[in-house]
Amino acid sequence: MPRHVLAALLVAASFTANADTVRIDIRTDAPIGRINPNVYGQFVEHLGRGIYGGIWVGPDSEIPNQDGYRIDVLQALKELEVPLMRWPGGCFADQYHWRDGIGPADARVARLNASWGGVIEPNTFGTHEFFNLAEILGAQTYLNFNVATGTAREAIEWLEYITSDSASALANERRANGRDEPWKIDYYSIGNETWGCGGNMRPSFYADEYARFATFLNVPGAQPKRIVSGSYEGNIDYSREILENRGVTDRAEGISVHFYTLPTGDWGKKGAGMGFPEAEWISTIERTQRMDGIITEQLEMIDAADIDGEFQLYVDEWGMWVDPPADGPGGVLYQQNTIRDAVVAAVNLNIFHDYADRVPMTNIAQMVNVLQAMILTDGPRMLRTPTYHVFNLYKPFRNAEALPVAATPPAYRHAETSVPALSISAARHDDGRLVLAIVNVDPGTAHEIDLGDTWNVISANVLAGDAMDAHNTFEAPDKVRPVRAEVGDRARRIPAPPASVTVLELAR
Ligand code: AHR
């Protein structure tokens, strides 16, 4: 049974809550596992204005920059303490040839980005620019190898160029290009969505390709964690068949799954990012809550594969995907980000915490200007999105020990659909303090949380909006931002306003 709903059922008989006060029981006796900071990872693809204009403007730009990286974006990302970045795709990874993106900028090779709009890919952001960015941010790195249009030799040479400390020709070439020390790759994947944009491969074919590449992709010393590219939501049989191949499972530490939240569930008409009806608010919540069942199903599939040693699940793409807006600065897969996105982000993070022992890394798609972004830019202007604020508020969860929370959430209903109105997550720091997140997904009804006698509130911050599509604009970039909640000193009853995310620090 999915873990996020299980807690609610466990306690259903133990508390009687009145209409809008929900008693919770934080189960300090049953820790789930430490929340790996990489659960807060971010995806950076050569797509739309994600990199060019979003992160990278080049050293000659009039937009203030540090060696080509936008200073405003760098500053916002530093505050966020980005733990991990996945690059260069996505679909783009399977058309990326790393040699196009090294050496003097004016000698780099311009190509067509056939995956995303056929625009010119100048390759001025390449290996050095990605790994240097990771160093500036103190982020771990996740590299996606090209298995569909690249060769094993190309991948092996890229790995050596990045990681070798030897006197090999490739390591010396890196040095000649300005980088003496090798960089560290923390995770890699061989291929991306190989059932679709990554080559439309049958699972057995991809499994053989994975094993062939992985045989040679070895780093002396600290080997990166190796990730098999797996299912999208429903096509779990794809992953199941890959994991039947011991050539794969002997050379991997985990498998990925991708799942996007589409308001309508229809790829042909996904639903608007703003100005949507309540029917699409609740359908969005209902769909995003499916992440819980998807993870459970994937873990059962992994367990049934009977793999030696620890084998993890990586949700290496997730987030909101809506139809492109009619106005705004534009770019492929650019979309506005509202309080609905914030609620979706928080619900997903709460679900990931419930699997802290089995899901050590996820990547929201994507970091800047693409899909459910942290940051939006328009020329020299920049704003932090409601999703950014959720990631910032949730920082205290990193490295804390996830705890189950038993509660009986009231239902939020609209028309024929009904979902639990509250999503709650708790975690314990080594000094005994707790962090608690309460998400009220109901856009019309406030609720109240009763902490019981054990815990007192030390601090509380709440992110809410005045409409279902409340958002920040370049003219009003701080309209939706967290505020300290008025819960009173050492309060035990916490208000959860409609459509809000509240993060509290608790002590005994
Ligand atoms: O994040 C956008 C795209 O979604 C990625 O390139 C691909 O892997 C997925 O289909």
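## Terms and model

Helices (H or I, at least four residues) and strands (E, at least two) are DSSP runs, numbered from the N terminus. This is a predicted model, in which local features need pLDDT of at least 70 and side-chain atom pairs count only at pLDDT 80 or more, while totals for chains, interfaces and linings use all residues. Residues are numbered from 1 along each chain as its sequence is written, and side-chain values use heavy atoms, with hydrogens and water left out.

## The loop residue D453

D453 lies in the loop between β23 and β24, the latter covering 456-464. D453 is exposed, with a relative accessible area of 64%, where exposed means over 50% relative accessible area, buried under 20% and partly exposed in between (1.4 Å probe, protein chains only). Between the C-alpha atoms of D453 and M201, which are 252 residues apart along the chain, the separation is 56 Å.

## Strands β23 and β26

Strand β23 (residues 447-450) pairs with β26 in the antiparallel sense over 4 bridges, pairing being counted if DSSP finds at least two bridges between two strands. I449 stands opposite I494 in β26.

In a regular strand the side chains alternate between the two faces of the sheet.

## T284 in helix α9

T284 has its place in helix α9 (residues 278-288) and is buried, with a relative accessible area of 0%. Leaving aside neighbours within four places in sequence, T284 is in contact (heavy atoms within 4.5 Å) with T261, P263, M320, R340 and V344.
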